[in-house]
Amino acid sequence: LQFWPRGTGPGFPEPRPTGYSLRYQLAARAWLLGHNFLTWQAQDIVAAVQYVQQLYPGEQVSLLAEGPLGPAALLAAASHPSLHSVSTLQSITSFE
């Protein structure tokens, strides 16, 4: 299953020209609602994993995240231990 968590993907509209990056605009919207954008993306990933687990009960589900979705995938895996494995490509390796 390939999917795009909120704020990503080909169907996501282009941001209005405000001088701020798309990622900043999305994070600011989350902050205004008292949430964290990374957590929103992790919740989307967990929902997708649960969907796949319903389609294929008893099968092991692995997750592959690329680029800026790496931290969201790792957070999703930490909160959803039934994932078999998680891999990231071209993502950050540390918050230090």
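# A walk through the predicted chain

Q41 counts as buried because its relative accessibility is 0%. Buried means under 20% relative accessible area, exposed means over 50%, and partly exposed lies in between, with a 1.4 Å probe and protein chains only. Q41 sits in helix α2. Leaving out residues up to four places away in sequence, Q41 touches P5, R6, T8, R23, L69 and A72. Contact here means heavy atoms within 4.5 Å.

This is a predicted model, where local features need pLDDT of at least 70 and side-chain atom pairs count only at pLDDT 80 or more, while totals for chains, interfaces and linings use all residues. Residues are numbered from 1 along each chain as its sequence is written, and side-chain values use heavy atoms, with hydrogens and water left out.

Now the whole chain. The protein chain has 3 helices and 2 strands. Along the sequence they follow the pattern α-α-β-α-β. Helices (H or I, at least four residues) and strands (E, at least two) are DSSP runs, numbered from the N terminus. The chain holds 96 residues, and buried ones make up 32% of them. Take the contacts between residues at least 6 apart in sequence: 49% of these join residues at least 24 apart. The chain exposes about 6900 Å², and carbon and sulfur atoms supply 56% of that area. Accessible areas come from the Shrake-Rupley method with a 1.4 Å probe; for residues, only the protein chains shown count as cover.

Next, the inside. In soluble globular proteins, nonpolar side chains tend to be buried together. A nonpolar core is a set of buried Ala, Val, Leu, Ile, Met, Phe, Trp, Tyr and Cys residues joined through side-chain atoms within 4.5 Å. The largest nonpolar core has 14 residues, and I45, V49, V61, L63, A73, A76 and L83 touch the most other members. Two or more residues each come from α2 (37–55), β1 (62–66) and α3 (70–79). The largest share, 5 residues, belongs to α2. Take V49: beyond its neighbours within four places in sequence, V49 is in contact with V61, H80 and L83. Another core lies apart from the largest one. This other core has 5 residues, among them A27, A30, F37 and W40.

Helix α1 spans residues 22–32, and its buried residues are Q25, L26, A27, A28 and A30. They pack against α2. After α1 comes G34, with a positive phi near 80 degrees.

Helix α3 has buried residues too: G70, P71, A72, A73, A76 and A77. Their cover includes α2, β1 and β2 (85–89). L74 also lies in α3. L74 counts as partly exposed because its relative accessibility is 48%. Past its neighbours within four places in sequence, L74 is in contact with V86 and T88. L74 and L64 are 10 residues apart along the chain, and their C-alpha atoms are separated by 9.9 Å.

Where does Q90 sit? Q90 is in the segment after β2. Q90 counts as exposed because its relative accessibility is 71%. Leaving aside neighbours within four places in sequence, Q90 is in contact with E66 and G67. Q90 and A65 are 25 residues apart along the chain, with 8.9 Å between their C-alpha atoms. The phi of Q90 is positive, near 50 degrees, in a residue other than glycine. Most residues other than glycine have a negative phi.

Last, the empty space. Rolling a probe the size of a water molecule over the atoms shows where such space is left. On a 1 Å grid over the protein atoms alone, a pocket is an open set of points where a 1.4 Å probe fits, with protein on both sides within 12 Å along at least five of seven lines; lining residues have an atom within 4 Å of a point. The largest pocket has a volume of about 370 Å³. Grid points are joined across faces, edges and corners, and a volume is the space filled by probe spheres set on the points. The lining has 15 residues, and L1, Q2, F3, L63 and L64 lie nearest the pocket's centre. Both α2 and β1 supply at least two lining residues each. β1 gives the most, with 5 residues. By class, the lining has 12 nonpolar, 2 polar and 1 charged residues. Here Ala, Val, Leu, Ile, Met, Phe, Trp, Tyr, Cys and Pro count as nonpolar, Asp, Glu, Lys and Arg as charged, and the others, Gly among them, as polar.
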